Protein chains: 2
Amino acid sequence: MCVRIEIITTGDELMSGLTQDSNFSWSGDVLTSRGFTVEFHTTVGDYRDDISSALVVASERADAVIVSGGLGPTPDDLTAEVAAEFSGVPLELNMRAVSSIEERLSKRGRVLTDINRKQAFLPRGSRVLVNHWGTAPGFSIEKGGAVFYFLPGVPKEFRAMMDEYVLPELERKRTGRKKVRSMLIKTFGLPESEVAVRLEGIEREGIRLGYRAHFPEVHLRVTASGDTGEEAGKLIEGFAGDVRSRLGSYVFSTEGETMEEAAGMLLRRHGMTLAAAESCTGGLIAHRITNVPGSSDYFLEGVISYSNESKEKILGVPRDMLIEYGAVSAPVVEAMASGVRRLSDADIGVGVSGIAGPGGGTPEKPVGTVFIGMDSDKGGVRSEKFLFHGTREEIKLVTSSHALSFIMQIFLNKV
Amino acid sequence: MCVRIEIITTGDELMSGLTQDSNFSWSGDVLTSRGFTVEFHTTVGDYRDDISSALVVASERADAVIVSGGLGPTPDDLTAEVAAEFSGVPLELNMRAVSSIEERLSKRGRVLTDINRKQAFLPRGSRVLVNHWGTAPGFSIEKGGAVFYFLPGVPKEFRAMMDEYVLPELERKRTGRKKVRSMLIKTFGLPESEVAVRLEGIEREGIRLGYRAHFPEVHLRVTASGDTGEEAGKLIEGFAGDVRSRLGSYVFSTEGETMEEAAGMLLRRHGMTLAAAESCTGGLIAHRITNVPGSSDYFLEGVISYSNESKEKILGVPRDMLIEYGAVSAPVVEAMASGVRRLSDADIGVGVSGIAGPGGGTPEKPVGTVFIGMDSDKGGVRSEKFLFHGTREEIKLVTSSHALSFIMQIFLNKV
């Protein structure tokens, strides 16, 4: 049976464009990758009548309806109330929900207040979906042949509860269909149009390929379907092999890992340590690297030398060099890389300097001019010049990605 | 008259989460800032029946319906066809549309092909909305008391045609209407439920208050309406004053600025400089501060001392202290703050150490234990201990926010 799915997201912050609707796009991605089709998506603000209208419409055209948001403790959290009215039942205190909230609060040394208690009032007869990731419980009701899942709007909680409750139930609902496998291939260093050119003609029966720009990366969502899981798996492995042979080292991940995770795995596998001296990225390289659990095993030290004095004093970049070439130059980033490597006794030193803008550009060195330097036994001391376009934050981000990519290339014998 | 607005966006790339629905979020923002409320938003893929269902539903609940996408020349562009069927009229070649397409193409030295010509078939009796920004003409029809605007999905064209046709017509449609002012109040340091408790009973006529959890901050969107802009402005100023008096220095922004911008403005206004020594935040404090253009005026230097050696060698934290108290301790973060302040000759030094997890916790110092230290002439040397919950990235983020808040409090005479 084909399940007709509708997603309803609620919240004034969505209607007013304040917040991107990430619960919807995440759900669309996950459901598509599992071979489902989302037919309808409705967004409404925190208005009783509008939420109600959305539920009525969805019950008439969908088999499974996923509703996000409005389960919190504040007065504009109306979803449970509207759901009860929609079902023709009263709200009542759900003891299972109370105890799950109490348990959650007690772990943080807090007690149940009336406000938290409000979250435990659910439509009579509804099934509680225990929220292990936050205080607002979810619930599920059936009405008019459709099943409704009401989940909290906080993305982390929404996603965890989709994984825990909704996806397994949807899988059980469909029968006698193809098995689906999916893979996310992450690339960095080529624009989307160039990726598309390199992959021209790669399409084949049973494979669906979707592009997703995820600045500054380009991701490919590959979905394979076959009569058995094994068949779908073989199909996708073969396809991924072809993608790799066409895109080479621009592919940095096929198992969901981030760029900093991929770089960290290489450092760990080779038993090497890293230190970073950052100017224009302002700490972003170190921040990304240290987002990875256990990164203290290979990341020793970072220096953010925003001023020339600190480049000189801490990193030992010669004053004459700063005067002659300027802080944004090949010799200076190489000296920064060597300086931070020496300072921390790391195997690899990386140094970055550039003009992130919006101010500070000159005709010779416009905004977006960036140098990345590297010092390692294997690759020696070297640097590369870039010219990036975009906002200050985009330039910081793309620079940090190039630095990570540079580090990975040491291990791929490219530097 | 109050105009009930619905936005319908179409396209498979939206349903599969591959593309963010920027036409919707842009429209929501523009319409809200002009005092309109978008009541409903529906997204459907490129399926005839689904688009049709969305039009029928919208005609029953809205006065003005804005439809984006599906007007191009390819076989999955179905919107005009579905709109004709929905109106009960045939598609016919619209000569005004033909000439506008021809004009557009001739400017680029191209001639009308059958494929372009397809785009000039519009529902009989519809009003052409000439597209000066691309080839696909828009059109407008009325049905069941509602007016429908069909616009191309390319964001640049969609936005230009909203500005040119839709917004002026919507402005004319509302009469004797209230003027609207809106404000975003950002708070940090209280959970959403505590903010709600403190604001209990603050509601008043003409004011609408919406909460938005934006981890680790809580934002309040306040919208005021009055007979004149001045009246709405006074209403909102008075309300914001009440919010401030109830929430005190937990409010850090009322003009959209981020926490790092707010901290930066205070530093700049007082002519003071800052340096940061980070352990568990791994560069995030510096990254946030340097996201602000011009931050090099007040941010001098950062040191990410992930190892004890670098705490000792660069920041001058005594080895005995590290051994006696451990790296995650009050004396050490105070010594880090003083060390980085001395190193960079800054007015304020901040030092952070903690256990971001998931590993590294002990019974005495579980994951989430964080110390933040500060050294400034005004506040002297001091530190605070925290126990945070969450993932590694959440602990890094909330720690960096507390550090920024700590810096701001120096200027608010709280430290």
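Analyst: Helices (H or I, at least four residues) and strands (E, at least two) are DSSP runs, numbered from the N terminus, and two strands pair if DSSP finds at least two bridges between them. This is a predicted model, in which local features need pLDDT of at least 70, side-chain atom pairs count only at pLDDT 80 or more, and totals for chains, interfaces and linings use all residues. Residues are numbered from 1 along each chain as its sequence is written, while chains are lettered from A and ligands numbered from 1 in the order in which they are written.

User: What makes β10(B) and β11(B) partners?

Analyst: Eight bridges run between β10(B) and β11 (residues 217-226) of chain B. The requirement is at least two, so these strands pair. Their directions are antiparallel. B:I207 has B:A224 as its bridge partner in β11(B). The link from β10(B) to β11(B) is a hairpin of two residues.

User: Which strands make up the open sheet of 10 strands, and in what order?

Analyst: The order is β17(A)-β16(A)-β15(A)-β13(A)-β14(A)-β14(B)-β13(B)-β15(B)-β16(B)-β17(B), and the pairing is mixed.

User: Why is one side of β17 (380-387) in each chain left without a neighbour in the sheet?

Analyst: β17 of chain A and β17 of chain B stand at the edges, each with a single partner strand, so one side of each has no neighbour in the sheet. Neighbouring strands here are turned by 10° against each other on average, direction ignored; axes are lines fitted to C-alpha atoms, for helices over the stretch in contact, and angles run from 0 to 180 degrees between N-to-C directions. In chain B, β16 (residues 369-376) is joined to β17(B) by eight bridges, antiparallel, and B:I372 stands opposite B:E384.

User: How do you know which strands connect the two chains in this sheet?

Analyst: Five bridges join β14 (residues 299-305) of chain A to β14(B), and the two run antiparallel. A:S305 has B:E301 as its bridge partner in β14(B).

User: Why is B:V340 called buried?

Analyst: A residue is buried if 20 or more other C-beta atoms lie within 10 Å of its own, exposed if 12 or fewer, and partly exposed in between, with C-beta atoms placed from the backbone. B:V340 has 29 such atoms, so it is buried. Its place is in helix α14 (residues 330-344) of chain B.

User: Which residues does B:V340 touch?

Analyst: Contact means that the C-beta atoms of two residues, placed from the backbone, lie within 7 Å. Leaving out residues up to four places away in sequence, B:V340 touches B:A275, B:A276, B:A277, B:E301, B:V303, B:L315, B:G349 and B:G351. B:A275 is 65 residues away along the chain, with 6.2 Å between its C-alpha atom and that of B:V340. The helix as a whole, α14(B), lies across β13 (274-278), β14, β15 (348-354), β16 and β17 of chain B, at about 140° to β15(B).

User: How many residues form the contact between the chains, and of what classes on the side of chain B?

Analyst: 60 residues of chain B are in contact with 66 residues of chain A. Elements giving two or more residues on the side of chain B include α2 (22-33), α8 (192-198) and α15 (392-411). Ala, Val, Leu, Ile, Met, Phe, Trp, Tyr, Cys and Pro count as nonpolar, Asp, Glu, Lys and Arg as charged, and the others, Gly among them, as polar. On that basis, the side of chain B has 21 nonpolar, 28 polar and 11 charged residues.

User: Where does the open sheet of 12 strands have its edges?

Analyst: This sheet runs β6(A)-β7(A)-β8(A)-β3(A)-β1(A)-β2(A)-β2(B)-β1(B)-β3(B)-β8(B)-β7(B)-β6(B), with mixed pairing. The edges are β6 (127-129) of chain A and β6 (127-129) of chain B, each pairing on one side only. Neighbouring strands are turned by 20° on average, direction ignored. Within chain B, six bridges join β1 (residues 5-10) to β2 (residues 38-44), which run parallel; B:T9 has B:T43 as its partner.
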